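Here's a quick tour of one model, strand by strand and then helix by helix. Have a look at it first.

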Amino acid sequence: MSLRKVFRSRKFSRSFKEATAPVAAVGEGGGGCGGGGGMDAAHGNGWSNMLPEILGEIVRRVDAAEEQWPNRQSVVACACVCKRWRDITREIVREPSHAGKITFPSCLKQPGPRVVPHQCLIKRNKRTSTFYLYLALTPSFTDKGKFLLAARRYRCGTHTEYIISLDADDLSQGSNAYVGKLSSDFLGTNFTIYDSQPPHSGAKPSSGRASRRFASKQISPQVPAGNFEVGQVSYKFNLLKSRGPRRMVCSLNCPVSSSSTGESSDSTSLDGHKMHDKEHAAAGHTILKNKAPRWHEHLQCWCLNFHGRVTVASVKNFQLVATVDQSQPGGKGDEETVLLQFGKVGDDTFTMDYRQPLSAFQAFAICLTSFGTKLACE
């Protein structure tokens, strides 16, 4: 079940009751938290009347105990009880850059962890040209893990588009699950990443037919009619056919974490939409380039150290590092810190590991650019 469906589903209240029963017993027996009046109200379906101290302690303990999915659904169940529980959960659950946990759909557009990257899997269906992103829960490459995003490739005239959605069964720009898209040029060497929501306060939709979300007769006041450009990916031409892997440069407007702006984690709502204040700063600009591989004389191939996360040699494999001089795409890169790595482990299975400042949405979009033939770059 996707993050979006889990968050909206009320049936997880039952799992919440089971997860919080021991904590409730402690609060009731303590005698120092309102004499158990909050629990009496809870039994009378008055969940919103629970004392804030007890409610905060329950959510805090559930958040600390449930480290990853599928048990993480208990935290989502807390936010589904009522608006008051939702607000308390939003205050306690920390951003992925701090906690390293993906809980709500909004986490997919927030920066990843600082130190230990999120390890994900991408499954490809060649027959339907569909790609599925999963959060890896075990070291095994065969386990799907937790579904995060899906994308489908469409041929639109002279260019190709990848529609990215929270729902694997609803991949269209008119869907409420639509989160963004990736658009390429005719040669498949230049890509533009579009977000369905403005990346910062004051952002304007991109002009041009390719950035439109609906036809003129389909525009709804409740749904943004345009897309917002948040990044570009370019593959360098290799006209001389020299040996070596693909060379790529990414220019991104990365989301700014609350740790760097001084904001609290409650500036992001749990339904996937960012609450933009007037004083909210624009997203940070980051330029990434692929890490240069080394030629292995014995194996007679180009090699990169993927630390066991890539097992099949492929021209699609890459590692991205940030340039030291962010104003120059050709600037020297930090060879020690890999912000995103992508590689093949099976016929239709790939790994994707990302960290701050990239979000899961941006990392997935960048990896999608690697699929498809690029005759001018190989």
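Predicted model: local features only at pLDDT ≥ 70, side-chain atom pairs only at ≥ 80, totals over all residues.

## A covered strand

Counted up, six of the six residues of β2 are buried, so the strand is mostly covered.

## Its two partners

On one side, β2 (residues 130-135) runs antiparallel to β1 (residues 118-125), with six bridges joining them. Cys120 sits opposite Leu135 of β2, and Lys123 faces Tyr132. The β1-β2 hairpin has four residues between the strands, and Ser129 there takes a positive phi near 55 degrees.

β2 also pairs with β3 (residues 146-156), again antiparallel and over six bridges. Here Thr130 stands opposite Arg152 in β3.

## The barrel around them

Zoom out and twelve strands close into a barrel, paired antiparallel in the order β1-β2-β3-β4-β5-β6-β7-β8-β9-β12-β13-β14. Neighbouring strands of this sheet are turned by 20 degrees against each other on average, ignoring direction.

## A helix crossing

Now for two helices: how do α4 and α6 cross? The axes of α4 (residues 52-65) and α6 (residues 83-92) come within 10 Å and cross at roughly 55 degrees, which means α4 is oblique to α6. The crossing is right-handed.

From α4, Pro52, Leu55, Gly56, Val59, Arg60 and Asp63 meet Arg84, Trp85, Ile88, Thr89 and Ile92 of α6. By class, that contact has six nonpolar, two polar and three charged residues.

Terms used. Residues numbered from 1 in each chain as written. Heavy atoms only, no water. Axes fitted to C-alpha atoms, helices over the stretch in contact; angles between N-to-C directions. Parallel < 35°, antiparallel > 145°, perpendicular 65-115°, else oblique. Left-handed = near helix turned anticlockwise from the far one by under 90°. Contact = heavy atoms within 4.5 Å. Nonpolar A, V, L, I, M, F, W, Y, C, P; charged D, E, K, R; others polar. Pairing = 2+ DSSP bridges. Buried < 20%, exposed > 50% of the residue type's maximum accessible area, 1.4 Å probe, protein only.
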